[in-house]
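Could you walk me through this structure, stop by stop? I have it open in a viewer and would like to know what to select next.

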Amino acid sequence: MSVKIYNTLKRKKEVFQPIEPGHIKLYVCGITSYDYCHIGHARSALAFDMIVRYFRYLGNKVTYIRNFTDIDDKIIARAAEQNCSSKELANRFIDEFYVDMDKLGVDRPTMEPKATEHIQEMVDLIAELIEKDMAYPSQGDVYYRVGSFPGYGKLSGRKLEDMQAGARIQINENKDDPMDFVLWKASKPGEPSWESPWGAGRPGWHIECSAMSRKYLGDTFDIHGGGQDLIFPHHENELAQSEAANDKPYVNLWIHHGFVTIRDEKMSKSLGNFLTIRDILEHYHPEVLRFFIFSTQYRNPLDFSEAAMQQAMTGLDRLYECLAAVESLPAGTVSDDAEQIASAKDIKKLEEIEDRFQKAMNNDFNTALAQGILFESVKVMNKIRRQAAETLNATDYELLTKSAQTITKLAAIMGILQENPKTYLAAKKSAMLAEIDISEEEIQNLITERNQARNDKNWARSDEIRDQLLKHNIELKDSAEGTGWIIKKG
RNA sequence: GGCGGCGUAGCCAAGCGGCUAAGGCACUGGUCUGCAAAACCAUGAUUCAACGGUUCAAAUCCGUUCGCCGCCUCCA
């Protein structure tokens, strides 16, 4: 296996080699649980879900840690608003997070440590940093001495001088240097707090990931991931803490995914342009959201819009329809006498699906290309299916059913095409039917009447019925097997 | 101001120095159909924001300009 991944630290793609062959250790920054998750969180969870699935598909063991930040300023503030404890609030939104993740079919990480359950590890780590004079207590707080870490800025590509010139750092008299960041915060009255050698307080944000990743993955591990907005300061600071404490490289490869945007602007609470996962799932099947998210390579920005979701839905339906059609092929009609439809080129193309798919994924998880390969395959399959007569050549039949299996297997890495194709299409139909003012029975009756009219060559009546149904957004599809219908998208 | 990313057909999106610039959606023409729809087939960028440069060869590398976005403060 040779997977090339873009490494933020090196600013280029490199061939990934786990420290322990066949066992990949991955840490991803999870959510701060104080609200419902939006599509950006979905992209993060889905991107790493896909990456983990792909590594496992290649035969690796993956130890995947994703934390919960369940104590921080926003949680405290929100809990105060809602008259509950920080713990209650955080746990409530962790539960809500799981509701969303389960709907999206996101596999659970190996472990999901919570910050509040690892205070001792953080205190220990801070003590080590003080011991090395990389950190210092001040008025109940503890700060990291940024200037004493020579590599500071190497992940985000910044120089300390440039950052100071930015001068957007708030003045804090407790700090020796304005760039120093907090490891431990003295608690104010009424705030949640834990005992420490420096007095009652709570951990800073960055220290939790350093402490938890060390506990579960060791001093140096393979991959650390998160959104691009975490590169600075969060990951830069984590790196500084861990490398100073452990005297070892922290992480070999950093993966950062791009944002979800709306009208080309970052989704954020302050702009008020965010959509929650559950908002989306109210209107779309989870696989449509997955399909949409994987239609762009994970590092590029992804612009959300209704039109884009509709397009994703149309594409996904197309794939499902092909699979459903292959599933419907009656095995009994296979005959060696039937002419073979598939050309040598078609056969080659379909036999190479998996290789091409892997090649795409090996190039920094290029799911957009991978989806393209699925579409190309479906195109070939549809052609064979379309041209096949009443009886199907055994070679063609084999080819179609095998290809469908391969497609289903590969699509599982992106978490799409995992439902039974007929069930998916039927469920979709009934869901849409619920939004339309006509019952399935009425439709069926009208179709029967229309077919009678067609038999009588009463085209006027036949078209009248078709138009009538069209007014209800029902579109008819005549085929050799009879008349089917779909609901047109409004 | 500092750092980084992006700009490919109407829209979305691959491409990472050299085969005809993937694929999807939409459009148009054809096959099919009583007519449609669906499906299938066919069609579209002599060109990759602009201008220079490197190279036998560039959408791909370098420089300049224009436009958009992100980070530098909590953030997926």
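Two strands are said to pair if DSSP finds at least two bridges between them. Helices (H or I, at least four residues) and strands (E, at least two) are DSSP runs, numbered from the N terminus. What you see is a predicted model, in which local features need pLDDT of at least 70, side-chain atom pairs count only at pLDDT 80 or more, and totals for chains, interfaces and linings use all residues. Residues are numbered from 1 along each chain as its sequence is written, chains are lettered from A and ligands numbered from 1 in the order in which they are written, and side-chain values use heavy atoms, with hydrogens and water left out.

**Stop 1: the antiparallel sheet**

Start by selecting strands S5, S6, S7 and S8, which form an open antiparallel sheet in that order. Strand S5 (135–138) and strand S8 (201–203) are at the edges with a single partner strand each, so one side of each has no neighbour in the sheet. From one strand to the next, the twist averages 20 degrees; angles run from 0 to 180 degrees between N-to-C directions, and axes are lines fitted to C-alpha atoms, for helices over the stretch in contact.

Now show strand S7 (residues 181–186), which is joined to S8 by three bridges and runs antiparallel to it. Here Lys185 stands opposite Arg202 in S8. Then move to S5 and strand S6 (residues 141–144), an antiparallel pair with four bridges. Click on Tyr136 and you will find its bridge partner in S6, Tyr143. The hairpin of S5 and S6 has two residues between the strands, and Gln139 takes a positive phi near 55 degrees there.

**Stop 2: the parallel sheet**

Next, select the open sheet of four strands in the order S4-S3-S9-S10, where the pairing is parallel. Its edge strands, each pairing on one side only, are strand S4 (61–66) and strand S10 (251–257). In this sheet too, the twist averages 20 degrees from one strand to the next. Strand S9 (residues 221–227) runs parallel to S10, and six bridges join them.

Contact here means heavy atoms within 4.5 Å.

**Stop 3: two crossing helices**

Select helix H4 (residues 119–131) and helix H7 (residues 231–246): their axes come within 9 Å and cross at roughly 65 degrees. That makes H4 roughly perpendicular to H7 (65 to 115 degrees; under 35 is roughly parallel, over 145 roughly antiparallel and the rest oblique). Show side chains, and you will see Leu125, Glu128 and Leu129 in H4 meeting Gln241, Ala244 and Ala245 in H7.

**Stop 4: a ring pair**

How many aromatic pairs does the structure hold? There are 18, counting rings of Phe, Tyr and Trp (its six-membered ring) with centres within 6.5 Å; planes under 30 degrees apart are stacked, over 60 edge-to-face and the rest tilted. Pick out Tyr320 and Tyr424, a stacked pair at 3.8 Å centre to centre with 15 degrees between the planes. This pair links distant parts of the chain, with Tyr320 in helix H10 (residues 306–327) and Tyr424 in helix H15 (residues 421–433), 104 residues apart.

**Last stop: Thr406**

Finally, find Thr406 in helix H14 (residues 394–414). Leaving out residues up to four places away in sequence, Thr406 touches Ile353 and Glu354. Thr406 and Glu354 are 52 residues apart in sequence and 7.1 Å apart in space, C-alpha to C-alpha.
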